[in-house]
Amino acid sequence: MYRIETAGLAELFAAISETQDLFLPLRKADQTNYGLWSEGEPFDLDTLKTVKSAKDCFFPQSEVLYRCKSEDGKLSIDPQKLCDRAFVVFGMRACDVKAVEVLDNVFLSEPVDTFYAARREHGTIVSLACHEPEETCFCANFGIDAAAPGADVETWIIEDSLYWKPLTEKGEALTESLKAVLESTEKETPAEEAEKTVAEEQEAIRKIIEKLPLSHLDLSRFKPEHTMELFDSPLWEELYKPCLACGTCTFVCPTCQCYDIRDFDGGKNGVQRYRCWDSCMYSDFTMMAHGNMRTSQIQRFRQRFMHKLVYYPANYDGLYSCVGCGRCVSKCPASLNIVKVIKKLGGEV
Amino acid sequence: MQELITRAKELLADGTVSRVLGWKKGDMGWDPEPAYFDKEEDLKDFVYNPFCGANLSKYLIAAGKLEGTTLVFLKPCDTYSLNELVKEHRVKREKTYIIGVGCHGTVKAEKVLNAGIKGIEDAAIEGDTLKVKTLYGEKEMPLMDALLERCQVCKGKTHVVFDELIGAEEGEEAGPGELAGNRFAKVEELEALSPKERFAFWQRELSKCIRCNACRNVCPACSCLKCVFDGNQFDSSQKANADTFEEQMFHIIRAYHVAGRCTDCGECSRVCPEGIPLQLLNRKFIKDINTFYGEYQAGADTESRAPLTDFTFEDVEPGIVNERGGGR
């Protein structure tokens with residue numbers, strides 16, 4: 001484990017971005033979101049939750065798949081180059097790290113999504129423990145430990161120091177490549193002492209999480225064997241009513257993975273075929289040639305939560321596709337969210 | 001609040017209304033949700049406090065399709081939206097029973113939380129202070145720092161339409177409320193910038209847009225059965241941006257479409273997850289309409305003709321655009 005001064009972070013980031021792209025939480029127009037960092041730009045590691053998750057780094061909201069053009073009666077297709085440049089995402093919280101596993105299950109199983117796979121292959125994730133989890137956080141329900149966020153390298157910011165601990169081969173390789181700057185900015189600390197400081201921090205974080213109001217939800221009813229019972233519940237009628245059918249919850253969500261494929265017709269300049277995030281809240285979600293099997297908002301609303309809490313776990317060994325980041329809790333314009341659904345359908349209220 | 005619940009129960013019991021549209025307690029003290037109450041006992045979860053920012057008038061489009069009359073609680077500025085919806089034949093006034101509720105401002109939860117006030121249970125406004133009941137005792141902060149932007153420039157305490165009032169006085173002065181600021185100040189600031197600077201401002205703001213459509217879906221003036229951005233035949237579909245600044249298309253088209261109908265209820269900027277000051281686009285139109293056609297407040301009544309759908313010989317000539325430098 002390395003311990004460096006947080007004042008030296010800019011130097012560390014500069015060293016990373018010398019050889020690869022670096023995505024960091026950046027403060028722009030009063031909001032914090034992940035973005036490509038360039039030297040000298042201010043970054044924001046204090047905001048616990050970026051508005052959008054780090055999902056864009058691996059699965060961008062919009063990306064071109066190929067371009068095609070018709071010239072002199074001949075059709076040419078220009079495929080999009082896959083990601084071939086190494087990059088680092090720094091500062092991902094435990095919930096967002098777990099969300100990558102949720103996405104991996106979908107995109108890396110056959111047929112593999114080559115666009116996503118290329119980004120996963122070239123990306124290294126440096127996670128950051130949550131010093132002060134907030135009352136909208138409920139990651140603990142999903143077996144996520146905000147004090148040990150995992151990924152390729154795990155870090156903690158404790159007072160004015162950053163503790164850096166590689167966990168995987170990729171993490172070791174990144175650490176090795178940064179050895180010079182890590183050592184030059186290192187605050188000499190006996191390994192034992194560093195481990196102890198981190199352990200204390202972890203204990204403090206876990207104590208806070210234990211006390212958070214949403215840390216103890218009852219998920220016991222959300223099992224594949226209850227699929228039809230949950231699907232047919234009369235409670236959906238009451239739950240969905242305030243929903244505005246906007247896509248906020250789905251677009252700030254780190255695990256939502258539905259996308260749509262569309263063409264942008266540029267006339268003489270050809271056609272761009274692109275894909276973009278879709279939202280089950282939208283009226284043309286799952287619109288197909290034969291029509292749409294979900295024609296009302298209540299059906300679409302139900303789909304979102306059944307997918308997260310029942311269908312996905314049924315397909316992937318009981319893993320829920322909610323990581324409890326709480327973004328939907330704080331961002332829904334009608335104050336609806338998955339917690340209210342869990343409580344109501346789970347029988348808690 | 002108790003008075004509102006009692007009255008709602010009476011109206012449900014005597015059959016005047018079939019349901020109540022109000023706000024329901026959330027999991028946190030700061031996230032009440034818009035809700036229907038069909039039975040008297042459901043009203044135990046009813047809440048009305050400064051966190052009840054949601055303007056309920058648009059829900060009446062859906063409620064109007066249900067059997068019977070819907071009781072709705074509207075704050076003063078919400079009543080303008082309702083009038084506009086009635087004017088556009090989207091809401092049936094006769095199927096709506098309106099209780100106008102007194103309002104001293106609604107607050108943005110994020111601002112209160114960011115001020116370090118945690119464990120919120122309830123809140124109340126006392127003068128220019130927001131008093132917050134928390135797990136850790138009573139906390140307070142200056143009201144102005146907590147208010148939603150629209151309330152910082154409050155357009156008045158008058159309910160322009162109602163069946164009865166609770167906690168508000170009939171005939172309270174129209175016009176700016178006690179906390180009012182100049183709602184066009186920021187628009188004027190932007191007008192004073194060079195086109196390049198202004199473009200940079202909007203580029204910075206609109207590049208954050210995630211195309212969630214929350215602004216559109218919450219907007220009482222956006223009540224088309226099928227929005228042009230939802231049509232899958234339309235190249236600039238709702239879900240993605242062709243480039244990082246393509247959002248301008250969506251937002252500018254929307255601003256044009258609601259021009260002259262926007263009451264400045266501020267819901268668009270209240271719900272934006274990225275904090276984009278969308279109200280500024282609408283206010284630019286309102287300011288120009290006021291300048292060109294005389295003061296006009298959409299939703300002030302249900303009869304008058306709106307400046308953009310009317311013609312008088314006093315109207316400005318289209319050439320005004322060039323005169324003001326807009327054509328360059």
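What radius of gyration does chain A have, and what would a compact globule with 349 residues have? Let's find out together, keeping in mind that this is a predicted model. A compact globule of 349 residues would have a radius of gyration near 20 Å, and chain A has 22 Å, so the two agree. If you draw a box along the principal axes, the C-alpha atoms of chain A fill roughly 65 × 65 × 40 Å.

Now look at how chain A is built. You can find 12 helices and 13 strands in chain A. Of its 349 residues, 42% are buried. The chain also brings together parts that lie apart in sequence: among contacts between residues at least 6 apart, 69% join residues at least 24 apart.

Next, let's go inside. The largest nonpolar core has 166 residues, and Val89(A), Cys139(A) and Val107(B) have the most contacts inside it. Helix H2 of chain A, residues 94-107, gives the most to this core, with eight residues. Leaving aside residues up to four places away in sequence, Cys139(A) touches Ala94(A), Cys95(A), Ile144(A), Ala146(A), Val323(A), Gly324(A) and Cys325(A).

From here we can turn to the place where the two chains meet. The contact takes 37 residues from chain A and 33 residues from chain B. On the chain A side, the elements that give two or more residues are helix H9 (248-252), strand E10 (259-265), strand E11 (271-277) and helix H12 (338-345). The largest share, four residues, comes from E10(A). Sorted by class, this side of chain A has 18 nonpolar, seven polar and 12 charged residues.

Let's finish with a sheet in chain B. In chain B, three strands form an open sheet in the order E5-E6-E7, and their pairing is antiparallel. Why do strands E5 (120-126) and E7 (137-142) of chain B each have one side without a neighbour in the sheet? Both stand at the edges with a single partner strand, so one side of each is left without a neighbour there. Ignoring direction, neighbouring strands of this sheet are turned by 25° against each other on average.

You can follow one pairing up close. E5(B) and strand E6 of chain B, residues 129-134, pair in the antiparallel sense over six bridges. To see the two strands side by side, find Glu126(B), which stands opposite Thr129(B) in E6(B).

Notes. Residues are numbered from 1 along each chain as its sequence is written. Chains are lettered from A and ligands numbered from 1 in the order in which they are written. This is a predicted model: local features need pLDDT of at least 70, side-chain atom pairs count only at pLDDT 80 or more; totals for chains, interfaces and linings use all residues. Two residues are in contact if their C-beta atoms, placed from the backbone, lie within 7 Å. Ala, Val, Leu, Ile, Met, Phe, Trp, Tyr, Cys and Pro count as nonpolar, Asp, Glu, Lys and Arg as charged, and the others, Gly among them, as polar. Two strands pair if DSSP finds at least two bridges between them. Axes are lines fitted to C-alpha atoms, for helices over the stretch in contact, and angles run from 0 to 180 degrees between N-to-C directions. A nonpolar core is a set of buried Ala, Val, Leu, Ile, Met, Phe, Trp, Tyr and Cys residues joined through C-beta atoms within 7 Å. A residue is buried if 20 or more other C-beta atoms lie within 10 Å of its own, exposed if 12 or fewer, and partly exposed in between; C-beta atoms are placed from the backbone. The radius of gyration is taken over C-alpha atoms; the globule rule is 2.2 Å times the number of residues to the power 0.38.
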